[in-house]
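The sequence and structure come first, and the notes follow by topic.

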Amino acid sequence: MMLRHRLTVTASAAVLAAAGLAAGTAQAAAPAHGTAQKARTLAASCSQAYLPLPDPSCTPGAYNPDVTQATIGQTICVSGWTATVRPSTSYTNALKVQQIAAYGYADTSTADYEEDHLVPLELGGAPRDPANLWPEPRYGSQPAQSKDSVETKLKNAVCGGRAGLDDARAAIAKDWTTALSVLGL
């Protein structure tokens, strides 16, 4: 078992290095919320204290610059668009291994986590930015699957003109568990 874990970590490190994400090499983007923050490396220690939310210092969220209120009719509101920007599982799985360690999860089984976009692709979240991805547990009182319906409702509200893109992004990046009520949805 220990050998398999070492091989997984070694293989993941190789994939991350090839992608420019080896610990200490990738700089996370500034927070999506527009607050100034020094860039930090992925090797930063992340806290589980915020669960079911990610640690905002490690996963502040990031936006896809191609998605704006003016472009939603050609991007997020087009059926199937997210498939055109979704990163490969080889990329997200390698990142997940590194981030599980950064979050200090005792359970290191990658199957127990969804490498989730804090600002979902459905709202124009940055597809490959580590500042927008985190290992969200598939267990607990509000597992990863709980967030999926919130994402869909927010996208439908934005595409239906009941919420602005910027408001929906800010609400979900701050706290996905309250995003719908904050927007009155």
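Is Arg 138 buried, partly exposed or exposed? Arg 138 is partly exposed, at a relative accessible area of 36%; buried means under 20%, exposed over 50% and partly exposed in between, with a 1.4 Å probe and protein chains only. The model is predicted, so local features need pLDDT of at least 70 and side-chain atom pairs count only at pLDDT 80 or more, while totals for chains, interfaces and linings use all residues. Residues are numbered from 1 along each chain as its sequence is written, and side-chain values use heavy atoms, leaving out hydrogens and water.

**Salt bridges**

- The count is 3 salt bridges, each defined as a side-chain nitrogen of Lys or Arg within 4 Å of a carboxyl oxygen of Asp or Glu.
- One of them pairs Glu 114 with Arg 138 at 3.9 Å, N to O.
- This pair links distant parts of the chain, with Glu 114 in strand E1 (residues 113–117) and Arg 138 in the loop between strand E2 (133–137) and H4, 24 residues apart; helices (H or I, at least four residues) and strands (E, at least two) are DSSP runs numbered from the N terminus.
- Glu 114 counts as buried at 17% relative accessibility.
- Lys 147 bridges to Asp 116, with the closest N and O atoms 2.9 Å apart.
- Lys 147 has a relative accessible area of 1% and is buried; Asp 116 is buried too, at 5%.
- Glu 151 also forms a salt bridge with Lys 147, the closest N and O atoms being 2.7 Å apart.
- Glu 151 and Lys 147 are 4 residues apart in helix H4, so about one helical turn separates them.
- Shared partners join Asp 116, Lys 147 and Glu 151 into one network of salt bridges.

**Arg 169**

- Arg 169 sits in helix H5 (residues 165–174).
- Arg 169 is buried but has no salt bridge, and the nearest side chain of opposite charge, Asp 166, is 4.2 Å away.
- The Arg 169 side chain reaches the backbone oxygen of Gly 124 at 3.1 Å.

**Nonpolar core**

- The largest nonpolar core has 21 residues, and those touching the most other members include Leu 123, Val 158 and Ile 172; such a core is a set of buried Ala, Val, Leu, Ile, Met, Phe, Trp, Tyr and Cys residues joined through side-chain atoms within 4.5 Å.
- H5 gives this core its largest share, 5 residues.

Terms used: Lys and Arg count as positive and Asp and Glu as negative; His and the chain ends are not counted. A polar contact is a pair of N or O atoms within 3.5 Å; within protein, one must be able to donate a hydrogen and the other to accept it, and residues adjacent in sequence count only if both atoms are side-chain atoms.
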